[in-house]
Amino acid sequence: MPKFEVDPAVHRGLADARLNVEIDNGDMILNLGPQHPATHGTLRLVVRLDGERVVASDVVIGYMHRGYEKLTEYRTYPQITTLINRIDWLSSFANEVPFVHAAEQLMGIEAPPRAEYIRTALTELSRIATFLLFLGEMGLQVGAITPAFYGFRDREYVLNAIESATGGRFHPNFNRIGGLKDDLPWGWIAETRESMRKVLKSCDEFEDLVVSNPIFQKRTRGIGIIPAELGASYGVSGSNLRASGVDWDLRRDGKPYLVYNDLDWKVWTHSDGDSFARYWVRLQETRESARMVLQLLDVMPSGPVMTKVPKIIKVPEGEVWVNTENPLGEMGYYVISKGATGPFRVKIRTASLSNVSIAPWLLRGVYLPDIITVLASLYFILGDIDK
Amino acid sequence: MSENTEVEVGATMSPENLELLGRVSAALGAEAIIESAQAVGDLVVRVANASWREAAKACRGALGFNYLSFIGGIDWMPAPVVGGEAGDTSSPVQPAEQTYGAAGSAGRFQVFARVASTSVPRSGLTLKVDLDEESPAVDSWVSIYPGADWHERETWEMLGIGFNGHPSLRHLYLPAEFEGNPLRKDFPLLAREVKPWPGLVNVEPMPGEDVEEEAE
Amino acid sequence: MGNNVSKKDAFAKHLKGMLGGLRVTLRTMLKPAVTVQYPHEQEAPPTRARGVIALLEENCTVCMLCARQCPDWCIYIEGHKEKRPARREGGKDRTVSVLDRFDIDYALCMYCGICVEVCPFDALHWSPEFEYSESSIAHLLHDKDKLGEWEATVPVAEPLEIGAEVKGKK
Amino acid sequence: MRSLAVDIWGGWATTLGIKTLIVMGLIPVGALVLGYTFLLKMMSHMQSRLGPMDPGGFHGWYQLIGDGIKFIQKEDIIPEGADKRVFKMAPAIVVLSTFLMFVVLPGGPDFVVAKDLDVGVFYALAVSSLSVIGVLMAGWASSNKYALLGSLRAAAQLIAYELPLVLAVIGVVIQAGTMNLQDIVRFQASGEIFGWDGLGLPLILTQIVGFGLFMIAAQAELSQPPFDMPVAESELVAGYMVEYTGFRFLFFFIGEFGTAFVYAGLAATLFLGGWSVPFIDVDADIMNVVGPLVLFAKIMLVAFLMFWARFTYPRFREDQLQSLAWKWLIPIALANILVTGALKVAF
């Protein structure tokens, strides 16, 4: 058996049959996925095991590639917002914001302040929804069933808030170039405030149930340590990088967008860089986001939510790079326009792709159960990897 | 032409970007930079094909851009008109002549990348590089930014751009037996070709419809 | 000695961590569940929920704008023209567009709502109804009669939140 | 001629048949009761949901029975590469181990499930480890890597935890001075604690450490969280049962919960006084009726603790589980034996 390498020619198809059965040379090749409970979708991991220890691993993606970059070339700007909802389906609202900002910046218009506040609130709500699921999911991946249900339960309050404002639970399609589709419905602020209280309480529950549990700590501490410099050069971003001690949050450190500068909030970091740190940072960020939403609800300005835009939107020639701090990390759109009703080329930079690309490096030498811990703590959405 | 643009661009460039451009040309050597421009606040630097790898080294080293955001490719060829003649308004109609974006291009294909620094707020640099039209290829960044691996594989399969020195240039998203480069403009989106545009059937000019489209 | 104390502390912390989890689950068990027993009891979806598109046939003028702007090309419209007698005595005969077919293929629909927004004559509306799953994908093609039936379920638009700009009042 | 027929019909054979039937009935009933109460209902409520509500009308009591019937109806799928005979035998062996453990459980003063053995404790713990053979067979015969990894983990785990399990019980045996389960119950009903016999008290009062160890070890033997690595669904999908479907899977399910029932019964018998009620000394005839109910109540109490932990904790990693067993549980158990022995000698 030569050095572990998946031959590109037989990589798909042939490889499946070969890898699934043979046990040779004392090492075993284990095929995790594309249908495996720990890969939240269709990620595939080909792992070479020595006992239960990982010798080498290869990540195979693309089972859900939908070709968004191609599709955007065949769509007009208003149609694209509905499309990009589906990239990271857990935080779809956050996906829309950078794209709409890109178009707005090229057109030289700005959404009214009330629209920006509502956008910020909904972006943070989708962050909470994403992270609540993570907080539960990660518990599930290390073997505790109950946190997953708590995560789903409390995410429901947030999704209800998103749905009653936008009309869509998962695919809001609420942003329009120049503002929002509609204003908030009556009573939304009061209800959301109530939900945020529930979220904060739920975070305390996760603290008790998961974070302070010694078994959980034993399973996650020191597992999958991402060194800060290496992580950055891999393009790992968001909470994953902040858990490695890098104090970098595009909401604060990127080009100013939305209304984060008007809020009083804090960027959380953890110095360990291991799976536990990533969980911990996300837990704190969930709390921080809930607090941000509460602040936003208090200071929501009144006024219109839409500026005047032409009925047929044509974006002037030019190109722009807009990146935002999405729940999973840096999400960006490089939009190149040639003055038509649709973009000429959109390069979509998704957070999960770069976050997962470090996995083969991280997985060397860990035990089989730690693969699951590491993958869960990196937290990726398949749609966000496969685009 | 390039001189012209530079004068124009230089005049509108923000002081931060001018300063950054100065640092880039100091680190990389002025001859490596073909052109530079500012695209909505961001500095775009077009470097010579031979200096692509050096550019990455300079970015990661002297310039302190330790974070790789993405690497991608552009096909500047105008797309064949999609249903445009039939009046398909649900797909955009792009201009028919080949034009290039910020910092220009020498031909059809370009690779562009974005790097940033995690320690300096609001930092970042977009790099572009021209490629040969017949056999587009450029040096790989994998040894400098390990995260370039997947991005380069994606660009390779989507646009057919080679990366010299990449450890294993194999398909990332598409099945191994896939032929063609989907993101090239001459690769048709079949879903749109096989189905007739439903808006075509029985188009009736409505009162005010034509006016509406022109109005704004 | 100091080491012993820290070990003792660590043990106490571990014990607290183990018991804390048990407390959370026990407390949840004693509280009422959040489950909604779906077919027996139903939560009303919000007024804005994009459940299904309803068609008000009288308002449709077969202008095709919805079908043209649909990103998924899932709306199929056919119509023809008819001559109608003039409204006023002595006037010219009118030409009216009559809708023959209006189908929305919900198997393709992305529920983006662009068709509802672009409709210049207010013929399409969102209804929050969601219970129209089918065992065969072909049945997800709703024709104009079925789309017309949904019209009865379209809710009245709810008032807006405090601070919102009231339309028409500038 | 005639006497032989009577012997067989009215003698040992009938008794054997009846007893076998009783035990065979008890296993699914125990599994059903635990499965319904804890897996379906308690877990649901701990996760702030209701669990099944419709089947059978009242809180979905029929759900598990319906599931069982569904499993029986299902197609029996055996993987092509499987070692078919071993594959088919494996679930039966797992259930057999449960079956054998039930035999010695005492339900009342004159009534043991099947056989009142003098070495009851020893016997029960010995046959409990039989199930690991079934698990190993299942994992090996499935010709599936996940199954193989799962069964190897199960084997390592059962070996590691057999020891603390046995050592935890030795304290009880020393105090009661017998290995007969019935006698241990009687000792707790009217026994003495290190010479002081004022009260008949359950041994949990003096053997609290043993009880804790027994519960932890039993959890590991049952491969329940936090020790469920053999079936770890997020890593090994379903471990050794990944290839099993239909009634063979049902066997594993019944085995799992049936064994949980027996372990809860053993813990109740050894540490909580079994069928006896402290302070109350009633007629044996009445206890023969009330005893099983008392035992059942205690079993449910113990099972509640077991499942409470199961639904709350994440799982250990295999190596962490081993180090917990060898570095902590076994030394503590040995110390417990020493102390108990010393006290026994002293008083």
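Author: A pocket is an open set of points on a 1 Å grid over the protein atoms alone, with protein on both sides within 12 Å along at least five of seven lines. Its volume is the space filled by probe spheres set on the points, which are joined across faces, edges and corners. This is a predicted model: local features need pLDDT of at least 70, side-chain atom pairs count only at pLDDT 80 or more, and totals for chains, interfaces and linings use all residues. Residues are numbered from 1 along each chain as its sequence is written, chains are lettered from A and ligands numbered from 1 in the order in which they are written, and side-chain values use heavy atoms, without hydrogens and water.

Reader: What volume does the second largest pocket have?

Author: About 1,500 Å³. Its lining has 33 residues, each with an atom within 4 Å of a point. Closest to the centre are Phe11(C), Leu15(C), Met18(C), Ile216(D) and Leu324(D).

Reader: Which helix gives the most to that pocket's lining?

Author: Helices (H or I, at least four residues) are DSSP runs, numbered from the N terminus. H1(C) gives the most to the lining of the second largest pocket, eight residues. H1 spans 2-30 of chain C. At least two lining residues each also come from H8 (214-220) of chain A, and from H9 (208-221), H11 (284-312) and H12 (318-346) of chain D.

Reader: How do the lining residues of the second largest pocket divide by class?

Author: Ala, Val, Leu, Ile, Met, Phe, Trp, Tyr, Cys and Pro count as nonpolar, Asp, Glu, Lys and Arg as charged, the others, Gly among them, as polar. The lining of this pocket holds 25 nonpolar, six polar and two charged residues.

Reader: How many cavities are there?

Author: In a cavity, a 1.4 Å probe fits but cannot get out. The count is seven cavities of 30 Å³ or more. Of its 14 lining residues, Cys70(C), Cys74(C), Cys109(C), Cys112(C) and Cys115(C) are the closest to its centre. By class, that lining has 12 nonpolar, one polar and one charged residues.

Reader: What does the contact between chain A and chain B take from each?

Author: Contact means heavy atoms within 4.5 Å. Chain A gives 62 residues and chain B gives 63. Buried area is the accessible area (1.4 Å probe) that two parts lose on being put together, summed over both. For chain A and chain B, that is about 5,300 Å², with 57% on carbon and sulfur atoms.

Reader: How many salt bridges are there between chain A and chain B?

Author: Seven. In a salt bridge, a side-chain nitrogen of Lys or Arg lies within 4 Å of a carboxyl oxygen of Asp or Glu. One such bridge joins Glu154(B) and Lys387(A), at 3.2 Å, N to O. On chain A's side, helix H9 (residues 228-234) gives the largest share, five residues. That side has 27 nonpolar, 14 polar and 21 charged residues.

Reader: What area do chain D and chain C bury between them?

Author: About 1,300 Å², 66% of it on carbon and sulfur atoms. Ser48(D), Trp308(D) and Tyr313(D) supply 40% of the area that chain D buries against chain C, more than any other three residues. The contact takes 14 residues of chain D and 13 of chain C.
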